[in-house]
Amino acid sequence: MIYLDNAATSWPKPEVVYQAMNNFMRQVGASPGRSGHRLSIEAGRVVYETRESLARLFNIDDPLRIIFTSNATEALNVAINGVLRPGDHAITSSMEHNSVMRPLRALQERGVELTVVSCSKEGFLDPGGIEKAIKPNTRLIVLNHASNVVGTLLPVIEVGAIARRHGVLFCVDAAQSAGAYPLDVSFMKVDLLAFTGHKSLFGPQGTGGLYIRQGVEDVVEPLMHGGTGSRSDSEHQPDFLPDKYESGTPNTVGLAGLGAGVQFVLSQGVDALREKEEKVMYLLIEGLGAIPGVTLYGSGDAREQVAVLSFNIAGIASSEVAMRLEEEYDILCRPGLQCAPIAHKTLGTFPGGTVRVSPGYFTTEDEADIVLRAVCNIASMGKGIGL
Amino acid sequence: MVLFHSISGALRAEKLLKAEGVPLKMIPVPRHLSSDCGICIRFERADELKVEGILGRSKLEIQGIHQI
């Protein structure tokens, strides 16, 4: 089997991730930060170590500025719903995932103004377009770092500088880039960084988080209120991080796995991981581009994107290509719209979508060759059954 | 002993102090001190200035240092 759906969930995971989760379940198991006994303290240490590893990866001074959520979607909802109020204006791009678009569209119905800045057909964004859209009531700019459809990188460094200059909060959706591409919150001037654990950070599903810059928490309302293990004498939510945004017992076993995954990323180095994926991506981009009847979308350059690639075969629906890749070649990928209708409208692939292949750390160059031969065979057989 | 607003804060302090070689123990907060969180760090009185210095430099907010 060749697993090419790492942009949805990376799999398999490094061995240390399985070990950390198994070890936590068997040896620790308790609630973190809820009691003073040694297993509870140890569980707290596991969560804290994960925070600290992430802080190192993203160049965050204080690990307590990272709050844990169940995925990037929840983190983005905390950021977007926490900041925006009726009468505020927000700016985003036309390459976003629905984890950004849907919270923004929902707020638009409740009186928040929204500007969606158009990207090019390759998925590139002109930072000047963002600056032009800024108005006196602009509160927030939300951008994905790397597209989940074509992997294209958006100019977050330039937009970060623009946002800071205009006193507008800047939120980055790093779901596809955290662990796969260098991220430095202070260099990028990011106020809110949403990430998920289950993609290039090699953690399990159900882990993710949000970095909140010092002072920004004053204008970000929490999504949930509840028990934190702190200020237990008070019936009101604490105002300090991370407790303000971390109510209820967390996914500690998941965070144990995420911690091991981030340690793996740190030990390998983001640049080395990226170089490995880039080799496979280079083969896929060159190879797919040379197959008659295949249209590739996005930058067409492995250096300008993360390891996500979209294509179509003329005359065959993306869903049928994916089905045949699995049934005839045991290759697992993702067809359709990948939860990003606006990105497909930008690329000109709405509503049919694309076949998305996303290699990962464990994908080999030999596997890329097998994929190319499979796509070549399907394309040469011509029109499908028209599903 | 030093008390914190959150367990996460106490755990961060534990690592910082351990890295500087301060002997310490994480213990449940004595009820009469009624902390914001359930655990605190007990250390030797002789290390008080060192502890204050390390935590001060880290900008980690503490609830207070108490003698027991």
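A salt bridge, the term to learn before looking at these views, is a side-chain nitrogen of Lys or Arg within 4 Å of a carboxyl oxygen of Asp or Glu. The model shown is predicted, so local features need pLDDT of at least 70 and side-chain atom pairs count only at pLDDT 80 or more, while totals for chains, interfaces and linings use all residues. Residues are numbered from 1 along each chain as its sequence is written, chains are lettered from A and ligands numbered from 1 in the order in which they are written, and side-chain values use heavy atoms, with hydrogens and water left out.

**View 1. Asp62(A) and Arg12(B) form a salt bridge between chain A and chain B.** The closest N and O atoms of this pair are 3.2 Å apart. Across the interface of the two chains, the rule finds 4 salt bridges. There are also 5 residue pairs in polar contact between chain A and chain B, both residues at pLDDT 80 or more. (A polar contact is a pair of N or O atoms within 3.5 Å; within protein, one must be able to donate a hydrogen and the other to accept it, and residues adjacent in sequence count only if both atoms are side-chain atoms.) The side of chain A that touches chain B has 6 nonpolar, 7 polar and 8 charged residues. Here Ala, Val, Leu, Ile, Met, Phe, Trp, Tyr, Cys and Pro count as nonpolar, Asp, Glu, Lys and Arg as charged, and the others, Gly among them, as polar.

**View 2. Chain A meets chain B, with 21 residues of chain A in contact with 17 residues of chain B.** Contact means heavy atoms within 4.5 Å. Together the chains bury about 1400 Å², 57% of it on carbon and sulfur atoms. (Buried area is the accessible area, found with a 1.4 Å probe, that two parts lose on being put together, summed over both.)

View 3. Val149(A), Val150(A) and Gln268(A) supply 24% of the area that domain 1 of chain A buries against domain 2 of chain A, more than any other three residues.

View 4. Helices (H or I, at least four residues) and strands (E, at least two) are DSSP runs, numbered from the N terminus.

**View 5. Thr92(A) sits in strand S3 (residues 89-93) of chain A.** Is this residue buried or exposed? Thr92(A) counts as buried because its relative accessibility is 0%. (Buried means under 20% relative accessible area, exposed over 50%, and partly exposed in between, with a 1.4 Å probe and protein chains only.) Not counting residues up to four places away in sequence, Thr92(A) touches several residues, including Val100(A), Met101(A), Leu104(A) and Val142(A).

**View 6. Ile378(A) lies in helix H11 (residues 365-380) of chain A.** At 0% relative accessibility, Ile378(A) counts as buried. Leaving aside neighbours within four places in sequence, Ile378(A) is in contact with residues including Ile313(A), Val321(A) and Tyr329(A). The C-alpha atoms of Ile378(A) and Val321(A) are separated by 7.5 Å, although these residues are 57 apart along the chain.

**View 7. The backbone from Trp11(A) to Pro12(A) has a cis peptide bond, with omega near -5 degrees.** Pro12(A) lies in the loop between strand S1 (2-3) and helix H1 (15-28) of chain A. Most residues other than glycine have a negative phi, and most peptide bonds are trans.

**View 8. Lys189(A) has a positive phi, near 55 degrees, in a residue other than glycine.** Look for Lys189(A) in the loop between strand S6 (169-173) and strand S7 (192-196) of chain A. Lys189(A) counts as partly exposed because its relative accessibility is 32%.
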